[in-house]
Amino acid sequence: MNKILSVALVEAIERCRKAGLMEVGTIPDIFLQSPNNSSFGDLSSNAAMVLAAQAKKPPRRVAQMILDHLELGYNQIDHVEIAGPGFINFFLANGWWYQVLEEIYRAREDYGRQDLGKGEKIQVEFVSANPTGPLHIGHGRGAAVGDVLANILDAVGYRVQREYYINDAGTQMDILGKSVLLRYQELLGEGSAFPDNAYQGDYIVDIARELLEQKNEGKISWLEKDSLPFFTRYAKDRILDGIREDLQRFGVKFDQWFSEKNLYDSGDVEQTLRFLALQGLIKLREGAAWFLSSRFGDDKDRVIIRQSGDPTYLASDIAYHRNKYQRGFTKVIDIWGADHHGYVERMKAAVQALDHPKASFQVLLVQLVSLVRGGQPVAMSTRAGEFTTLAEVMEEVGTDAARFFLLTRTSDSHLEFDLDLAKQQSAENPVYYVQYAHARISSIFRQAAHQGIAVPGASEVELTLLSLPEEIELIRKLSELPQLLAGAAMASEPHRLTAYTQNLAAMFHKYYHRHRVISDDKALTAARLILVYAIGAVLRNVLKLLGISAPEQM
């Protein structure tokens with residue numbers, strides 16, 4: 001209906017222009033939205049307000065001219081109103097809503113899917129935590145955001161690749177190897193002072209102990225310069241295995257794990273530096289090589305090769321993104337922690353320097369997560385009895401609750417995660433409330449089967465019996481799913497899905513408590529079963545996109 005009305009509005013504006021009623025140049029794209037308040041209609045357009053300046057007429061006058069020349073040609077519109085400063089509000093007839101139920105019944109698990117992306121190739125790179133320690137809850141938030149965003153993009157017709165970038169080159173890896181080596185020596189009673197800049201976590205001791213047991217040696221028989229690469233490689237692989245296990249348990253699967261080290265081994269970093277130099281975008285200054293990122297909007301140029309001759313992280317990051325585009329991605333989305341906000345503009349500059357549109361590269365910043373238990377903040381440390389790791393949060397509240405809670409707010413806003421609330425089996429716990437709605441729907445169909453009531457097809461039911469305001473509102477909410485997914489994809493806002501499921505669940509629970517679905521009225525029962533089926537189908541579809549289970553019993 002959104003598309004139908006958009007076309008009808010454009011045609012009406014064109015008729016007004018041909019009739020000489022208003023001077024309009026290029027007609028802008030016409031969009032309709034579903035107002036939050038149903039008293040403002042089912043779909044609303046601000047076309048008149050957008051055109052008022054060109055037409056040199058008041059918006060309400062423009063709206064009236066559009067309505068006077070609007071030719072709908074079908075009976076799914078109950079009436080149209082002009083409201084406020086010039087909104088054109090469409091009120092749909094009940095007949096349209098019944099068609100929505102039939103569409104959901106036909107499409108089932110495909111309802112909401114669409115071809116907005118037309119197969120465009122997009123990469124979403126997320127988590128990408130350094131393999132120097134276990135994933136913390138902040139990484140978990142990035143994992144949830146990236147995974148669900150990729151699911152949404154896939155649902156609206158993009159070809160999506162999920163990628164994890166392994167930062168396995170550079171100083172932090174040497175520090176990791178040295179940290180494990182020193183702990184290894186401590187376990188042998190040959191330890192020296194443990195430096196402050198080493199990795200302090202207990203997991204370092206665990207890796208050293210595991211290695212000692214595997215090697216089964218009484219002492220280290222090799223020099224540090226020879227053993228350090230071994231310790232580094234072992235520790236990296238062990239930590240990366242743990243990260244993979246945590247993400248698998250969290251329901252996140254990557255299409256590719258991309259190694260930073262391979263960029264150096266393959267010569268990609270060297271080739272990228274040569275490419276930038278040939279473009280005149282590298283300048284020697286103060287004994288170092290600078291990338292002239294200020295030419296592309298960065299606030300200053302950036303060192304890309306240090307005075308020592310070693311490349312900075314920027315060099316490999318530019319090479320990595322060059323590699324992404326060489327693989328055929330037309331849009332690249334990176335999901336970073338909020339502490340990387342200062343890095344965004346230089347990477348946007350790098351993308352443009354590589355001769356790709358600035359708009360083809362997007363960064364989503366994920367803000368911090370604070371944990372709360374018993375109304376008190378949980379200290380973000382590794383002391384006994386306190387935790388910050390994703391694995392321990394999943395153990396505490398479960399994977400479904402962890403994913404849902406991490407997606408309840410926009411990624412760029414701070415998130416307070418109430419651990420006690422996430423474990424409650426009550427209406428106050430949003431994920432429980434949503435899942436219980438689906439379980440309740442499943443119980444209705446079990447009850448129907450027990451009573452020998454067969455569920456007919458939607459086209460065989462008298463759907464006109466669904467005339468209560470609550471029933472029409474429920475169908476209206478169901479009809480919003482395709483537009484919701486398109487909007488979430490374009491705005492990169494997966495949190496819209498959790499809000500939608502909460503609203504739909506609340507509407508269903510309220511309806512369930514007020515009206516019997518199964519009654520002595522067979523025709524009404526059949527119609528309401530189709531409505532409830534559609535609600536269950538939509539809840540399942542959205543929960544699947546969220547990576548959350550849709551239980552049949554609770």
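Q: Which residue of E4 stands opposite Ser44?
A: Ser44 has Asn89 of E4 opposite it, where strands (E, at least two residues) and helices (H or I, at least four) are DSSP runs numbered from the N terminus. This is a predicted model, in which local features need pLDDT of at least 70 and side-chain atom pairs count only at pLDDT 80 or more, while totals for chains, interfaces and linings use all residues. Residues are numbered from 1 along each chain as its sequence is written, and side-chain values use heavy atoms, with hydrogens and water left out.

Q: OK, and how many bridges join E2 to E4?
A: Three bridges join strand E2 (residues 43-45) to strand E4 (residues 87-92), and the two run antiparallel; two strands are taken to pair if DSSP finds at least two bridges between them.

Q: What's the strand order in that sheet, and which strands are at the edges?
A: The open sheet has four strands in the order E1-E2-E4-E3, with antiparallel pairing. Strand E1 (32-33) and strand E3 (77-83) are the edge strands, each of them pairing on one side only.

Q: Which helix lies across E3 and E4?
A: That is helix H3 (residues 59-68), which runs at about 160 degrees to E3; axes are lines fitted to C-alpha atoms, for helices over the stretch in contact (heavy atoms within 4.5 Å), and angles run from 0 to 180 degrees between N-to-C directions.

Q: Switching to the other open sheet, what's the order of its three strands?
A: The order is E8-E9-E10, again with antiparallel pairing, and the edge strands are E8 (282-285) and E10 (302-305). From one strand to the next the twist averages 45 degrees. Strand E9 (residues 288-291) pairs with E10 over three bridges, and Phe291 stands opposite Arg302 in E10.

Q: Where does the charged end of Arg285 sit?
A: It sits over the ring of Trp290, 4.9 Å from the ring centre, the criterion being that NZ of Lys or CZ of Arg is within 6 Å of the ring centre and within 35 degrees of the ring normal. Arg108 likewise lies over the face of Tyr105, at 4.4 Å from the ring centre.

Q: How many aromatic pairs does a search of the whole structure find?
A: The search finds 16, counting rings of Phe, Tyr and Trp (its six-membered ring) whose centres lie within 6.5 Å, with planes under 30 degrees apart called stacked, over 60 edge-to-face and the rest tilted. One of them is the edge-to-face pair of Phe254 and Trp257, at 5.3 Å centre to centre and 70 degrees between the planes.

Q: Is Phe254 buried or exposed?
A: Phe254 is buried, with a relative accessible area of 8%, whereas Trp257 is partly exposed at 24%; buried means under 20%, exposed over 50% and partly exposed in between, with a 1.4 Å probe and protein chains only.

Q: And the largest nonpolar core, how many residues has it?
A: It has 143 residues, and those with the most contacts inside it are Ile66 and Phe417; such a core is a set of buried Ala, Val, Leu, Ile, Met, Phe, Trp, Tyr and Cys residues joined through side-chain atoms within 4.5 Å. H20 gives the most to this core, with 16 residues.

Q: Last one: which residues does His438 touch?
A: Not counting residues up to four places away in sequence, His438 touches Gly536, Leu539, Arg540, Ala550, Pro551 and Glu552. His438 lies in helix H16 (residues 430-450) and is buried, with a relative accessible area of 2%.
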